[in-house]
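Please consult the sequence and the structure shown below alongside the text.

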Amino acid sequence: MMTTTVPAWFADLQDEARAEYDTHPMPSRRDETWRFGNLKQLDFGGYTPDEGSEIRFSIPELPDGVICVPFEEALEKHSDLVQKYFMRNEPRLGSQKFAALHKANVKNGLFVYVPDNVQVEKPIEVSHVLKGSNKMTFPHTLVVTGKNAQVSVLDRFSSANDDDANICIAVNDLIAGEGSRLTYCAIQELNLVSRMIQINETSVGKDATAKAFTMNSGAQWARNEALSILEGEGAHSDMLSCSIPSGTQQFDQRTFQHHAAPHTNSDLLYKNSLYGNAKTVFSGLILVDEGAHYTDAYQTCRNLMMDDTAEANSMPGLEINADQVKCSHGSTSATISDEEIFYLRARGIPPHKARRLIARGFSAEAVEKLGNEALEDAVLEAVERKFSTL
Amino acid sequence: MSLVIKDLHANIDETQILKGVNLEIPKGEVHAIMGPNGSGKSTLSKIITGHDDYDVKSGTVTMDGVDLLEMDVDERSREGVFLAFQYPAEVPGVSNANFIRAALQARLPDGEELDAVAYYKNLYSKMDVLEMDRKFTSRAVNEGFSGGEKKRNEILQMMMLEPKYCILDETDSGLDIDALKIVAKGVNAMRSEERGFLVITHYQRLLDYIQPDHVHVMSDGQIVKSGGKDLALELEESGYDFLKEGELANA
Ligand SMILES: Nc1ncnc2c1ncn2[C@@H]1O[C@H](COP(=O)(O)OP(=O)(O)O)[C@@H](O)[C@H]1O
Ligand SMILES: [Mg+2]
């Protein structure tokens, strides 16, 4: 594949990142951020970094001034902007080493910049299709909104076929400027022999609203690290997820709600429906800085155990250093009660359809919070695709 | 054409609850069962519906000649049995509209899709009869509903599913007089030659609004007395004390 010339700053950054990757130790059992995690999945031996994935864009008509280009083109044409926002902060949730690997190898992805007071109504959609076998790909999505701007972006991750094992290490940087509304949604439907690490970092400015949604359906193992930093007063962040692991799939979710300014609020809702021998880990942290008064932070992880062979681990955490703070965190694991099933059956709904109806409703509760019909439909379709395999 | 219960004996765990119930509800008739708490009224209704907490020891339940006890719960419902529960379950996450839609969809042959537009039109018109706010379509089934709202929701389902035999278990409890009239209006609108009703109630009040053709008294797992609708009034006057005093012989 032809390589375009990258700016010097970026070439330097990639050199540094290569060195960083070597110096960062591999995660170990002792790391709090990898507790209950499956470290065996981090053996990437035999995989080669490559532009294995095919990337397709589906871009609606855009108002003047909006930049929406492939990442490599952005490096060439909007170097300053990319430099300003690209992976500004160190990941805090355990994947520093893999973020460095991403940085060292990233070539493709999407760059979106929406200038002040410009609204993009329809979602911008990117589809990453993993191809070839034993390849590693590093898609990057960087979305920046100016003052009072609005945009929504959908990232899809899938595999070209069912048998080729690949690894995808994706990073998405979301920077929501003052008063803006930024919605991001990722739908992960890799094949069952591939692995995924997704590192999400969201910065929310004054009076801005950011929503980040992750739907996990595929992959033998997926690790999601989501960090939202509420930087400006009045910032609001929704962190949402719905995942449906089945068989021997394992999903490992780590979240961080960082309230760095007063009058900020964050709302996290993760919903997992687990089938078969699936396993999930959820570890969530809320941090309220000194001075970040009048903060509301909510964190909820709900697991619906569809089979008693599945396993869900939840580890909520709180650190509050300010006053006048409303925080709550909780996790629940429940099965569908016999009474619910009986009730649905007593209305003529066959048992498997009754269970499906409840599981669908369970996922939908997180999806509805997206507040964007096109994205909600896209996620619900992925939910149905998953159900059709069960 | 009727729902026929013959010599039904049933246990829960080792305890005998039903001790030989005999009852026939022909289409076109409304039968009421009254009786003190704990006499087995809800047990009877749940056994007809197919709840598996109960062991049927002997006896039969047939609907228009078909053996109900051989069928699964959902199959019985699709065949035309409906129970408005005394204590309806809550189903978090599933909207009322999607629930009723799934129930109707389950009655269609494979590959046939329910017409969504016609469905909502029908649903709204039934809700109007029951004076239910439209917001109940999107709320999770019975979750956070008041007692009265749950009962109305049961009748809504009954009106939507148009069963052949309807059993109403203490639908009046939790309803104030206005709500009771509304629910009765819904039930009465469904009375027809094609449909049988079994109305279970502790109080005579409901029967002022849903006038029964026959009234039965249940006590300790048996029907101990049957009569016309006047029997309900008599019971209202004299209560169930006669059951203890061995006046059954005069029944
Ligand atoms: N699930 C149950 N477990 C144990 N006992 C039960 C159960 N359901 C009903 N019973 C008992 O069976 C008897 C009849 O109950 P029920 O049918 O609910 O009476 P009714 O509806 O006439 O008030 C009561 O003694 C009650 O305690
Ligand atoms: Mg009862």
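At roughly what angle do the axes of helix H5 and helix H6 of chain A cross? The model considered here is predicted. In chain A, the axes of helix H5 (residues 338–345) and helix H6 (residues 351–367) cross at roughly 115° and come within 9 Å. The crossing of H5(A) past H6(A) is right-handed. From H5(A), the residues that make the contact are A:Glu340, A:Ile341, A:Leu344 and A:Arg345. On the side of H6(A), the contact is made by A:Pro351, A:Ala354, A:Arg355, A:Leu357 and A:Ile358. Sorted by class, six residues of this contact are nonpolar and three are charged, with no polar residues.

Attention now turns to chain B. Its secondary structure consists of nine helices and 12 strands. The radius of gyration of chain B is 18 Å, and this agrees with a compact globule, because a globule of 251 residues would have a value near 18 Å. Further values for the chain are tabulated here.

| Property of chain B | Value |
|---|---|
| Box filled by C-alpha atoms, along the principal axes | roughly 55 × 40 × 35 Å |
| Buried share of the 251 residues | 52% |

Note on methods. Residues numbered from 1 in each chain as written. Chains lettered and ligands numbered in written order. Predicted model: local features only at pLDDT ≥ 70, side-chain atom pairs only at ≥ 80, totals over all residues. Heavy atoms only, no water. Axes fitted to C-alpha atoms, helices over the stretch in contact; angles between N-to-C directions. Helix = DSSP H or I, 4+ residues; strand = E, 2+ residues; numbered from the N terminus. Left-handed = near helix turned anticlockwise from the far one by under 90°. Contact = heavy atoms within 4.5 Å. Nonpolar A, V, L, I, M, F, W, Y, C, P; charged D, E, K, R; others polar. Rg over C-alpha atoms; globule rule 2.2 N^0.38 Å. Buried < 20%, exposed > 50% of the residue type's maximum accessible area, 1.4 Å probe, protein only.
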